[in-house]
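Please open the structure in a viewer and keep the selection tool at hand. The stops below say what to select next and what is to be found there.

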Amino acid sequence: MRVLAILGASGHGKVVADAALHAGWNQVLFFDDALPKEHANGPWKVDGSSADLLSSENLLESVVVAVGDNVLRCQLQAKVHRAGGNLATVIHPAASVSAFAALGAGSVVLAGAIVGVNARIGLGCIVNSGASVDHDCEIGDCVHVSPGAHLGGGVRVGRLSWIGIGASVVHGVSIGERAIVGAGAAVIRDVGDGMTVGGVPAREIHGVTSARPV
């Protein structure tokens, strides 16, 4: 029986659980440090804390970190790796992933998403529902491509960056590390490290320093 341990009992965790069950896992087990205050995540119970996962036999099964925050997801993945856990890659069967694409351990590709030929996606990334990552894109570790966002061919995105819901990035554009692309933005030129951009066409939004989406 295939069992997947999911670290992160959140809304995103529910979506990952649903994708995993559709993809052939027989059972999911949730772990979250909100226990015991939060003892359930939708139809699933929370089986323990992160410490329980990292010290139990559940670590011998496949593990995925289902946390939306890029920085925290990256940190938790590192903990799982150091503890000897096997980081799983979850691909919803309703997603289209080229046989010539590469997905890093711990990444998830959700329903309706498309990953094109020769795309390279790093560790712990989220390609969310209905998003597309076209041919020859290079996506760094722990990037989140939000629902309905579209990356043209040859786009590069640095680690820990966030592409907001419904955003579009034209082909060949480079986005730096820890950058934020706002919801619905149209990115037609390069975005530097740590920048937040929004609008059509996208321009820098000053005074925003958080690495999290706004």
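**The nonpolar cores**

Begin with Ile139, Leu151, Ile163 and Ile175: of the 31 residues in the largest nonpolar core, these four touch the most other members. The model is a predicted one. Keep Ile139 selected and display its surroundings. Beyond its neighbours within four places in sequence, Ile139 is in contact with Arg120, Ile121, Gly122, Cys125, Val133, Leu151 and Val157. Apart from this core lies another, of 17 residues, which includes Ala17, Val28, Phe30 and Leu110.

**The open sheet**

Next, select the strands E3, E4, E2, E1, E5 and E6. In that order, these 6 strands form an open sheet with mixed pairing. The edges are strand E3 (40-41) and strand E6 (86-87), each of which pairs on one side only.

Move to strand E2, residues 27-31. Is this strand mostly covered or mostly uncovered? E2 is mostly covered, with 4 of its 5 residues buried. One of its partners is strand E1 (residues 3-7), paired with E2 in the parallel sense over 5 bridges. To follow this pairing residue by residue, select Val3, which stands opposite Gln27 in E2, and then Ala5, whose bridge partner in E2 is Leu29.

E2 is also joined to strand E4 (residues 44-48) by 2 bridges, and these two strands run parallel. Here, select Phe31 and look for its bridge partner in E4, Gly48.

**From E1 over H1 to E2**

H1 lies across E1, E2, E3, E4 and E5, and runs at about 160° to E2.

Return to E1 and look towards E5. The two strands pair in the parallel sense over 4 bridges, and the bridge partner of Leu7 in E5 is Val65. E5 in turn runs parallel to E6, to which 2 bridges join it; select Ser62 to find its bridge partner in E6, Asn86.

Now select Asp69, in the loop between strand E5 (62-65) and helix H3 (70-82). Why does Asp69 count as buried? Its relative accessibility is 14%, and the cut-off for a buried residue is under 20%. Draw a distance from its side chain to the backbone nitrogen of Val71: the side chain of Asp69 reaches that atom at 3.1 Å.

**Last stop: Ile180**

Finally, select Ile180, which is found in strand E22 (residues 180-181). Ile180 counts as buried because its relative accessibility is 2%. How far apart are Ile180 and Cys74 in sequence and in space? They are separated by 106 residues in sequence and by 16 Å in space, C-alpha to C-alpha.

How values were computed
Residues are numbered from 1 along each chain as its sequence is written. This is a predicted model: local features need pLDDT of at least 70, side-chain atom pairs count only at pLDDT 80 or more; totals for chains, interfaces and linings use all residues. Side-chain values use heavy atoms; hydrogens and water are left out. Buried means under 20% relative accessible area, exposed over 50%, partly exposed in between (1.4 Å probe, protein chains only). Two strands pair if DSSP finds at least two bridges between them. A polar contact is a pair of N or O atoms within 3.5 Å; within protein, one must be able to donate a hydrogen and the other to accept it, and residues adjacent in sequence count only if both atoms are side-chain atoms. A nonpolar core is a set of buried Ala, Val, Leu, Ile, Met, Phe, Trp, Tyr and Cys residues joined through side-chain atoms within 4.5 Å. Contact means heavy atoms within 4.5 Å. Axes are lines fitted to C-alpha atoms, for helices over the stretch in contact, and angles run from 0 to 180 degrees between N-to-C directions.
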